[in-house]
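Open the model in your viewer and keep the selection tool at hand. We will go from stop to stop.

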Amino acid sequence: TFFTNYILSELDEHTNYSISVSASTSVGKGPSSTLTVVTDQDVPSSQVRNLTAVANYSSITISWSSPVMSDLNGVPTRYTLRYSGVEFQTEEKTVVVNYTSSTNETVSVSGLEAYTVYKISVTLSTSVGEGDAANIEIRTLETVPTGTPTDLTTNVLSANIISVTWDHPLPIEQNGVIISYTLTYKGVERDTDYREMVLLSSEPYFTNYILTNLDEHTTYDITVAASTSIGIGPDTGVRTITDQDVPSAAPNNVVTSVVNSTAILLTWDAPDLTDRNGILLYYTLTYFGLVLDEVVRVVNHTIVGPNHSDQSYVFTELQEYTVYEFSVAAHTSIGEGVSESISARTLQSEPSAVPTELNASAISPRAIYITWSPPPFIDQNGIITEYTLTYRGVERDFEERTISILTATTRS
């Protein structure tokens, strides 16, 4: 049996082959029959060459060269570029580039996440399919954060201290390495300037700070923003009120008005708003007579009305012609603040007791020597200007006579 077929193997893909067949006898070879055959296409047998990538914060430019001609294994039809984010497992996207005779190709992809590692692959296809992929990874550059710090909370520790805590922005919104946080705070009622501090970040991030030396019972607007090396991102804010404290200043415009010999009116204004340090509840009024060695008397005077309009008090049943010292202090729920004092004297009144130690002795048939002492000091009720002496004969029913005797103080 004659062999009339043969399989040629290990040929090159998509290559023109000239094939000749001739018959031979023992004498020699006869004429040959010749034909040309092209092997089928296959996928390229090598990857694209010189795959490189250059990134900014939101786009990547990818460049490559086509495989050497001998590795094309057919008629190239297209390049397929695939890319996806590694950290955040973003959906893979595909870009198809038609094959041209150009040796080098460049493609830019945009709309990417900042500071994110992207895996990039490029394949070349023939009609049979895709060849092996060339792969590269590259990280996009940093930019400012697009997200705010999360979970911003405050804890009021006292009238002057607030603890501020937060968490870093969502990873996909950090857009780089967080190197610092900027914390600002401002007292609302007192219209103070914004105060700002930059808190350098380390691993783990600084995500808390204690604000000190704050004003009492004051509303603070507090904001926190994250920064990368490129700049600062958007901030998030919270409003917090510090605790109350005792008033740090006394009531204003404390004035006395003498009503009569036993009453004095005390009036005052509330402490300045910045010194109240809380909600005023009542005033404590104290008074005592300076020369009477009296026990200090205390009156708790409740505020009436939201505008603290009831800021006066009449002290009654006072001792006549006596210097009293009055003090007034405002109260919050925490306690009593600084007091302001003022003195005033009640008006004079007639003495309320008789002269003491009255004695009389006859010094001649027609003369009597009379002596006495002033009424007790507390009963004099003013300055003794004169004594009135009356006398009459008892047995003879003489008419009563009166003599006014000026005191030494009056005569001088």
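Start with the rings. The whole of this predicted model was searched, and 12 aromatic pairs turned up. Select Trp166 and Tyr181. Their ring centres are 5.4 Å apart and their planes stand at 65°, so this pair is edge-to-face. Now trace the chain on either side. Trp166 sits in strand S11 (residues 162–167) and Tyr181 in strand S12 (residues 180–187), so the pair links distant parts of the chain, 15 residues apart. Are these two residues buried or exposed? Trp166 is buried, with a relative accessible area of 5%. Tyr181 is buried too, at 0%.

Next, select Tyr287, Tyr313, Phe315, Tyr324 and Phe326. Ring pairs join these residues into a cluster.

Now turn to charges. Side chains of opposite charge can pair when their charged atoms come close. How many salt bridges does the structure hold? It holds three.

Select Glu130 and Arg82 for one of them. The closest N and O atoms of this salt bridge are 2.9 Å apart. Glu130 is in the loop between strand S8 (117–125) and strand S9 (134–139), while Arg82 is in strand S5 (residues 78–85). The two are 48 residues apart, so distant parts of the chain are linked here. Glu130 is partly exposed, with a relative accessible area of 31%. Arg82 is partly exposed as well, at 21%.

Move on to Glu87 and Arg139. Their side chains meet in a salt bridge, 2.9 Å from N to O. Glu87 lies in the loop between S5 and strand S6 (93–98), and Arg139 in strand S9, so the bridge ties together parts 52 residues apart in sequence. Both ends are partly exposed: Glu87 has a relative accessible area of 36%, Arg139 one of 34%.

Then pick Arg239 and Asp221. This salt bridge spans 2.7 Å, N to O. Arg239 belongs to strand S16 (residues 232–241) and Asp221 to strand S15 (residues 219–227), 18 residues apart. Arg239 counts as exposed, at 55% relative accessibility.

Finish on the surface. Select Asp12, Glu13, Asp40 and Asp42. Together they gather in a patch of negative charge. Glu13 lies in the segment before strand S1 (16–24) and is partly exposed, at 31% relative accessible area.

For the last stop, select Tyr6, Leu8 and Leu11. These form a nonpolar surface patch, with about 350 Å² of accessible area together. Leu11 is found in the segment before S1. Its relative accessible area is 34%, so Leu11 is partly exposed.

Conventions: Residues are numbered from 1 along each chain as its sequence is written. This is a predicted model: local features need pLDDT of at least 70, side-chain atom pairs count only at pLDDT 80 or more; totals for chains, interfaces and linings use all residues. Side-chain values use heavy atoms; hydrogens and water are left out. Patches are made of residues with over 30% relative accessible area and no salt bridge: like charges are joined within 9 Å, nonpolar side chains (Val, Leu, Ile, Met, Phe, Trp, Tyr) within 5 Å. Accessible areas come from the Shrake-Rupley method with a 1.4 Å probe; for residues, only the protein chains shown count as cover. A salt bridge is a side-chain nitrogen of Lys or Arg within 4 Å of a carboxyl oxygen of Asp or Glu. Lys and Arg count as positive and Asp and Glu as negative; His and the chain ends are not counted. The place of a charge is taken as NZ of Lys, CZ of Arg, CG of Asp or CD of Glu. Helices (H or I, at least four residues) and strands (E, at least two) are DSSP runs, numbered from the N terminus. Buried means under 20% relative accessible area, exposed over 50%, partly exposed in between (1.4 Å probe, protein chains only). Rings of Phe, Tyr and Trp (its six-membered ring) pair if their centres lie within 6.5 Å; planes under 30 degrees apart count as stacked, over 60 as edge-to-face and the rest as tilted.
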